Amino acid sequence: MIDSGFETKSLRMELLLLVSFQAPAADVERIMEAVVAITPLRMGKYDGNAYQSAQGIERYRTLEGAAAGAEIELRRRPGTVEVSFELPDDQALAARVAEAIFQAHSYEEPVIRIQPLLTSRSKGIDDRANPNRWWNTTGDWKVAAE
């Protein structure tokens, strides 16, 4: 396993933490507001960076002692998503973010995962001639000529 970052001509691979959680789609904005109140989720020249999956179905059964009480049938909750974002490798910050997710979450036992990973960061090279970059083609911010 690679245990340190490395660089190429165009990018740096840095050791960071990948934070992910599962939640009903309707809860995501509230949870993410709690997260960005602690850290801006900055990536290069961007902030508020996170990924949210398409909605799926969460499966679970409550057991004795759960707030909803024990149930026999397995529940299937549609509309659940997974959100992920990166943090610096800082345990104190990760602990604050995990607590914020827990407090803003609607579940008794929210799924929160934190994993170390290598992730890319651009070195900010001049990419104006790269035909693969969206800003060199149509770009979603460009107005089409009529």
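This is a predicted model: local features need pLDDT of at least 70, side-chain atom pairs count only at pLDDT 80 or more; totals for chains, interfaces and linings use all residues.
Author: Residues are numbered from 1 along each chain as its sequence is written, and side-chain values use heavy atoms, with hydrogens and water left out.

Reader: What makes residues 91–104 a helix, and how does the span of α2 compare with the expected one?

Author: Helices are DSSP runs of H or I with at least four residues, strands are runs of E with at least two, and both are numbered from the N terminus. Helix α2 has 14 residues. The expected span is 1.5 Å times one less than the number of residues. For α2 that expectation is 20 Å, and the helix reaches 20 Å from its first C-alpha to its last, which is close to the expected value.

Reader: Which residues of α2 are called buried, and what makes them line one face?

Author: Buried means under 20% relative accessible area, exposed means over 50%, and partly exposed lies in between, with a 1.4 Å probe and protein chains only. The buried residues of α2 are Leu93, Ala94, Val97, Ala100, Ile101 and Ala104. Seen down the axis, they fall within an arc of 125 degrees and so line one face of α2; the arc is that of the directions from the helix axis to the C-beta atoms. The face turned away from the buried side carries the exposed residues Gln91, Ala92 and Gln103.

Reader: Against which elements do the buried residues of α2 pack, and what caps its N-terminal end?

Author: Contact means heavy atoms within 4.5 Å. The buried residues of α2 pack against β2 (11–24), α1 (28–36), β5 (75–88) and β6 (112–122). The cap is aspartate 90, with a side-chain oxygen 3.0 Å from the backbone nitrogen of alanine 92. A polar contact is a pair of N or O atoms within 3.5 Å; within protein, one must be able to donate a hydrogen and the other to accept it, and residues adjacent in sequence count only if both atoms are side-chain atoms.

Reader: How do you know that the buried residues of α1 line one face?

Author: In α1, Val28, Ile31, Met32 and Val35 are buried. Their directions fall within an arc of 95 degrees, so they line one face of the helix. Glu29 and Glu33 are exposed on the face turned away from that buried side. The buried residues of α1 pack against β2, β3 (51–52), β5 and α2.

Reader: Why is the pair of glutamate 82 and arginine 113 called a salt bridge?

Author: A salt bridge is a side-chain nitrogen of Lys or Arg within 4 Å of a carboxyl oxygen of Asp or Glu. The closest N and O atoms of glutamate 82 and arginine 113 are 3.6 Å apart, and the pair forms a salt bridge. It links distant parts of the chain, with glutamate 82 in strand β5 and arginine 113 in strand β6, 31 residues apart. By this rule the count comes to 7 salt bridges.

Reader: Is glutamate 14 buried or partly exposed, and with which residue does glutamate 14 meet in a salt bridge?

Author: Glutamate 14 has a relative accessibility of 24% and therefore counts as partly exposed. Its partner is arginine 12, at 2.9 Å from N to O. Arginine 12 is likewise partly exposed, at 28%.

Reader: Why is arginine 121 called buried, and which salt bridge does arginine 121 form?

Author: The relative accessible area of arginine 121 is 10%, so this residue is buried. Arginine 121 forms a salt bridge with glutamate 86, the closest N and O atoms being 2.7 Å apart. Glutamate 86, at 19%, also counts as buried.

Reader: What makes a set of residues a nonpolar core, and which residues have the most contacts inside the largest one?

Author: A nonpolar core is a set of buried Ala, Val, Leu, Ile, Met, Phe, Trp, Tyr and Cys residues joined through side-chain atoms within 4.5 Å. The largest has 18 residues, and those with the most contacts inside it are Phe21, Met32, Val83, Phe85, Leu87, Val97 and Ile101. β2, α1, β5 and α2 each supply at least two residues of this core, and the largest share, 5 residues, comes from α2.
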